[in-house]
Amino acid sequence: MPRTDIAFPFRIDPGSGAAAQATYAAHVEQMIWQVLMTAPGERVCLPEFGCGLRRLLFAPNSDALQATARLIILQNLNRWLGDQIAVQTVTVSSGPGGDYSTLDVLIEYTLLETQSPQLTQIQVT
């Protein structure tokens, strides 16, 4: 039987009355979103957790910003999810059509438990 985990955000499944479930791959992708979108200091009991990508939107979008974002993402994913995934590549670029008010993040990784390749794309606006 395939592994399932509690879905994020936490919610009750109306059919069963139990916590909603997600597949293992979906659960890991949800954890990646949590790491990337949580600002350091936002979690009181774990103040170092998170990348805080949204705060980078206020910096001038340039090659330097994209390289910085890539490094922050790699460090945080390896630190917080290193026992779940092996990050292959992280690509950070400006939004579609050169839209500098958004960052597109593409993460290629391998789920360690199943050794299956995965791809997550996030647009930070």
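Colleague: Which residues of α1 are buried?
Modeller: This is a predicted model, in which local features need pLDDT of at least 70, side-chain atom pairs count only at pLDDT 80 or more, and totals for chains, interfaces and linings use all residues. Residues are numbered from 1 along each chain as its sequence is written, and side-chain values use heavy atoms, with hydrogens and water left out. A residue is buried under 20% relative accessible area, exposed over 50%, and partly exposed in between (1.4 Å probe, protein chains only). In α1, the buried residues are Tyr24, His27, Val28, Gln30, Met31, Ile32, Val35, Leu36 and Met37.

Colleague: Against which elements do the buried residues of α1 pack?
Modeller: Helices (H or I, at least four residues) and strands (E, at least two) are DSSP runs, numbered from the N terminus. Contact requires heavy atoms within 4.5 Å. The buried residues of α1 pack against β1, β2, α2, β3, β4 and β5.

Colleague: How far apart are the end C-alpha atoms of α1?
Modeller: The expected span of a helix is 1.5 Å times one less than its number of residues. For the 14 residues of α1, this gives 20 Å. The model agrees, as the end C-alpha atoms are separated by 20 Å.

Colleague: Is Gln30 buried or exposed?
Modeller: Gln30 lies in helix α1, residues 24-37. Residues up to four places away in sequence aside, Gln30 touches Ile6, Ala7, Phe8 and Ala22. Because its relative accessible area is 17%, Gln30 is buried.

Colleague: Which members of the largest nonpolar core touch the most other members?
Modeller: A nonpolar core is a set of buried Ala, Val, Leu, Ile, Met, Phe, Trp, Tyr and Cys residues joined through side-chain atoms within 4.5 Å. Of the 30 residues in the largest such core, those touching the most other members are Ile32, Ile73, Leu77, Ile85 and Ile107.

Colleague: Against which elements do the buried residues of α2 pack?
Modeller: The 19 residues of α2 should span 27 Å, and the end C-alpha atoms are 26 Å apart, which agrees. Its buried residues are Leu65, Gln66, Ala69, Ile72, Ile73, Leu74, Asn76, Leu77 and Leu81. These buried residues of α2 pack against α1, β3 and β4.

Colleague: How far apart are the closest N and O atoms of the salt bridge between Glu48 and Arg79?
Modeller: Side chains of opposite charge can pair when their charged atoms come close. A salt bridge is a side-chain nitrogen of Lys or Arg within 4 Å of a carboxyl oxygen of Asp or Glu, and the structure holds one. The closest N and O atoms of Glu48 and Arg79 are separated by 2.5 Å.

Colleague: How many residues apart are Glu48 and Arg79?
Modeller: Glu48 belongs to the loop between α1 and α2, whereas Arg79 is in helix α2. The pair links distant parts of the chain, the separation being 31 residues.

Colleague: Which residues make the nonpolar surface patch of about 320 Å²?
Modeller: Patches comprise residues with over 30% relative accessible area and no salt bridge, like charges being joined within 9 Å and nonpolar side chains (Val, Leu, Ile, Met, Phe, Trp, Tyr) within 5 Å. Ile6, in strand β1 (residues 4-6), counts as partly exposed because its relative accessibility is 44%. Phe10, in the loop between β1 and β2 (21-23), is exposed because its relative accessible area is 55%. The patch of about 320 Å² is made by Ile6, Phe10 and Ile12.

Colleague: What is the phi of Gln115?
Modeller: Gln115 is in the loop between β4 and β5, and its relative accessible area of 54% makes it exposed. Among the residues that touch Gln115 is Thr110, which is in strand β4 and is buried at 14% relative accessibility. Although Gln115 is not a glycine, its phi is positive, at about 55°.

Colleague: What pattern does the protein chain follow along the sequence?
Modeller: Buried residues account for 39% of the 125 residues in the chain. The chain has two helices and five strands. Read along the sequence, their pattern is β-β-α-α-β-β-β.

Terms used
Accessible areas come from the Shrake-Rupley method with a 1.4 Å probe; for residues, only the protein chains shown count as cover.
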